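Here is a short report for a reader meeting this structure for the first time. Take a look at the model, then read on.

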Amino acid sequence: MSHADDLDDIPGTTIFTAQRARAGYHLNQFCMSLMQAANRERFKADERAYLNEWPMAEAAREAVLARDFNAMIAEGGNIYFLAKIFATDGLSFQWAAARMTGAAQEDYAAMMLAGGRSPEGLRSIKEPW
Amino acid sequence: MARITAGVASSHVPAIGAALDNGKAGDPYWAPLFAGFDWVKAWEAAEKPDVVILVFNDHATSFSLQLVPTFALGCAESYAPADEGWGPRPVPTVYGHPDLATHLAQALILDEFDIAVVNEMAVDHGLTVPLSLMFGQPAAWPVKVIPLAVNVVLYPPPTGNRCWRLGEAIARAVASYPDDLNVQIWGTGGMSHQLQGPRAGLINRAFDTAYLDDLTADPERLRTMRHIEYLREAGSEGIELVMWLVMRGALGPRVRELHRHYHVPASNTAVGHIVLVPVETL
């Protein structure tokens, strides 16, 4: 059954389980708050003060301040929620995706134009295939 | 009586909406993508469906983590295009069909599909981008829309088989509605894409092509495909494809493919599109 599958066996991939959603609840709800223009303004005026209003882990706050999306995901963030942060910054999904892969955005965009990242060798950590 | 006459599937990438809204559809990057939807625009104009049951997912827009319904059916009079952080898309308000929608809600629950009922919801690119792809940029959408939101953000989404069976139940419910309505069902999302982590940018053309093929040739394979296979092969966000199986299940055992289109990339995503019609069986 699916629930017994090893969700942590996929390289470079974090599956947003209910457990992770629980851990990242306040981080993700902070992101949702950025859907409102008034909150975006308050956040931009003083990011640290705005983040301190949310009962999330300090590591999650630091990840937000550093725009370290992989670290935010490790803290229970989900990309559709985290998208509110880079939208607030006026940046695109492709910018964020490139950043998470460690590539320059132009190199990432060129990879996508060439057909994207192949799954070959990236399906499993235990037995790469 | 009302009847489901066709199924349509397409990806629903936000950048597609932005390209259209900002007048970039003719740019070299976007033109081949949009050209693949010329056929369906002409076909829809001839088919003139009355209602589209539009299976989509909300992307942390109307549903936060406060409440995560697996299946949520829109019963409202209308749905405003959502502000996803860049301002609402400049597209028409989406009008619902509350009478058919509430009939569906009642029939589905009594048929043992425990859906949530939505009476107010802003709709994001997951719903409005497919409307733009199929109808272009009209002053008003030419159909009523019944949104069916499926959770594919919080793992696990419903299984492919559950989606298929919900599609079958939707077909039964539509057939029990007395008014003569031409109803289409659309499945949206996919195809292969991953938006998170170091594996972001994953595209799997072979997987996607087989998926498009097997909607007709071997739907049983898709119906029983496990989540881990979607995640490994189509990327963490490629699992949105289970929503296509609600559409496919509603069309019955056999279908005929009228049209398909496949294009890489739209931003981070492989775009797939297919038009299917049910084949009557005795």
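## An antiparallel pair in chain B

Strand β1 (residues 3-10) of chain B pairs with strand β10 (residues 269-278) of chain B. The two strands run in the antiparallel sense, and four bridges join them. In this pair, B:Ser10 stands opposite B:His273 in β10(B). The model is a predicted one.

## The sheet as a whole

What is the order of the strands in the open sheet of chain B? The eight strands follow the order β6-β3-β7-β2-β8-β1-β10-β9. The pairing is mixed. Strands of a sheet pair through backbone hydrogen bonds, either parallel or antiparallel.

β6 (116-118) and β9 of chain B stand at the edges. Each has a single partner strand, so one side of each lacks a neighbour in the sheet. From one strand to the next, the twist averages 20°.

## A buried strand

Is strand β2 (residues 51-56) of chain B enclosed or open? Six of its six residues are buried, so β2 of chain B is largely enclosed by the rest of the structure. Both faces of β2(B) are covered. On one side, B:Val51, B:Ile53 and B:Val55 are buried.

β2(B) has parallel partners. Six bridges join β2(B) to strand β7 (residues 144-150) of chain B, and these two run parallel. Here B:Val52 stands opposite B:Val145 in β7(B). Strand β8 (residues 182-188) of chain B also pairs with β2(B) in the parallel sense, over five bridges. B:Ile53 stands opposite B:Ile185 in β8(B).

## An exposed loop residue

B:Gly87 lies in the loop between β4 (78-79) and β5 (94-95) of chain B. Is B:Gly87 buried or exposed? B:Gly87 has 11 other C-beta atoms within 10 Å. A residue with 12 or fewer counts as exposed, so B:Gly87 is exposed.

B:Gly87 and B:Arg260 are 173 residues apart along the chain. Their C-alpha atoms are separated by 32 Å.

## Chain A: helices

Chain A has nine helices and zero strands. Its C-alpha atoms fill a box of roughly 45 × 35 × 20 Å, taken along the principal axes. Of the 129 residues in chain A, 37% are buried. Contacts in chain A between residues at least 6 apart in sequence can be split by separation: 55% of them join residues at least 24 apart.

One helix pair can be followed in detail. Helix α2 (residues 25-33) of chain A and helix α7 (residues 79-88) of chain A have axes that come within 8 Å and cross at roughly 45°. The two helices, α2(A) and α7(A), are therefore oblique to each other. The crossing of α2(A) past α7(A) is left-handed. From α2(A), A:Asn28, A:Cys31 and A:Met32 take part in the contact. From α7(A), A:Phe81, A:Leu82, A:Lys84 and A:Ile85 meet them. These residues divide into five nonpolar, one polar and one charged.

## Where the chains meet

How many residues of chain B are in contact with chain A? There are 35, and they touch 43 residues of chain A. On chain B, α9 (227-234) and β9 (255-266) are the elements that give two or more residues to this side. α9(B) gives the most, with five residues. The side of chain B that touches chain A divides into 17 nonpolar, 12 polar and six charged residues.

Key: Residues numbered from 1 in each chain as written. Chains lettered and ligands numbered in written order. Predicted model: local features only at pLDDT ≥ 70, side-chain atom pairs only at ≥ 80, totals over all residues. Contact = placed C-beta atoms within 7 Å. Nonpolar A, V, L, I, M, F, W, Y, C, P; charged D, E, K, R; others polar. Axes fitted to C-alpha atoms, helices over the stretch in contact; angles between N-to-C directions. Parallel < 35°, antiparallel > 145°, perpendicular 65-115°, else oblique. Left-handed = near helix turned anticlockwise from the far one by under 90°. Buried ≥ 20, exposed ≤ 12 C-beta atoms within 10 Å, placed from the backbone. Pairing = 2+ DSSP bridges.
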